[in-house]
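Please open the structure in your viewer and keep the selection tool at hand.

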Amino acid sequence: MSQDFIPAAKPIIGAQERAAVDAVMASGMLAQGAEVAAFEREFSQVLLDGRPSVAVNSGTSGLHLGLLACGVGAGDEVIVPSFTFAATGNAVALTGATPVFADIELDYYALDLAHVESMITEKTKGIMPVHLYGHPFAADAFAALAAKHGIDLYEDAAQAHGAALNGQMVGTFGKFGMFSLYPTKNMTSGEGGMVSTSDATVERNLRLLRNQGMDKQYENEIVGFNNRMTDLHAAIGRVQLTKIMDWTRQRQDNAAFLNANLDGVQTPKVADGARHVYHQYTIRVPQGRDQMHARLRSEFNIGSGVYYPVPNHRLPSFNRKQELPNTEIAAQEVLSLPVHPSLTPNDLERIVTAVNTIAKAGA
Ligand SMILES: *Cc1c(COP(=O)(O)O)cnc(C)c1O
């Protein structure tokens, strides 16, 4: 194949990140310390309109500790989508609570509000929708629904750094919000997660839970984990934070080009008032999605991704007997094309030509 491979995702790690890690190495102070504290402050300033945030060692830890910090545990139910990465439901299950899977709508692939309301019981402690692909879910409507029923809203914002709804940043709507810093996300710290909250009790619980239940050393107040972020990871994250807004604009420009030039497939929708940060650029291919995915790779040397092929309620780890029709449709028809900031104009042209050619042939 003559043309270079275009990967579906490409973490950008440069000289500044390497220098920042090297400086921490040279300091000899590697574990959670001043870099982590600075990363938290800067993350709050850049992405959360100043709302406090707490760094942990992964996004999954962030969800897990966020839920525990809000008092979620055995006997509780938390309503989550099935059409998401398994970490969303896993985090609920790991608290001892039961993840209850609700269906999605097919415009933005977010939880369907009416279906969620129909699944609220006296055991429901909260709702945890996902800002999937970087598009904000209707956080204002979900906050109102949660308030109406006296339950909490939690935000899985793993894929949505910088996304906003009516000018309000995601991660500031719920009792907590979680951002993943895994390498394929819009920004990375290597591994890591950031949990945002404006509730002082939840924030304190998070800080205790990530550190063996200690505020002061050897004065363990509660039973906790070691889910701390290292200063090495925080140093990477701090550099990435200076670039995330430019990278996001690049993603949005790439998406605009694809929107304008793709033909014969359904391009992603954006809700009124939504700022989509295009963690994924996800099209719908009602017929022949798997063939398009395979042909992009074999004939055009272009990577693409299916997020997610198996609805979580049907995974062996959950194995729920229930019908979620829109979830099944999405799992069969979605295909995410490269949209990352390192794409060149030529890469974008190649993606358009490839998709349009396959779509025209009837996939
Ligand atoms: C990536 C992701 C997570 C988990 O984050 P990690 O940092 O990989 O642990 C949770 N939820 C969603 C929707 C994700 O995409």
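Colour domain 1 (15-241) and domain 2 (244-360) separately; these bounds come from an automatic or database domain assignment. Between them, the two domains bury about 3,400 Å², of which 57% lies on carbon and sulfur atoms. Buried area is the accessible area (1.4 Å probe) that two parts lose on being put together, summed over both. Next, select Phe101, Tyr133 and Asn186 in domain 1: these residues lose the most area to domain 2, together 22% of what that side buries.

This is a predicted model, in which local features need pLDDT of at least 70 and side-chain atom pairs count only at pLDDT 80 or more, while totals for chains, interfaces and linings use all residues. Residues are numbered from 1 along each chain as its sequence is written, and side-chain values use heavy atoms, with hydrogens and water left out.

Display the boundary once more. Here 46 residues of domain 1 are in contact (heavy atoms within 4.5 Å) with 37 residues of domain 2. The centres of the two domains, taken over C-alpha atoms, are 25 Å apart.

Now select helix H10 (residues 289-300) and helix H12 (residues 345-360). Helices are DSSP runs (H or I, at least four residues), numbered from the N terminus. Which residues of H10 meet H12? Met292, Arg295, Leu296 and Phe300 do so, facing Arg350, Ala354, Val355, Thr357, Ile358 and Ala359 in H12.

Methods. Axes are lines fitted to C-alpha atoms, for helices over the stretch in contact, and angles run from 0 to 180 degrees between N-to-C directions. Helices (H or I, at least four residues) and strands (E, at least two) are DSSP runs, numbered from the N terminus.
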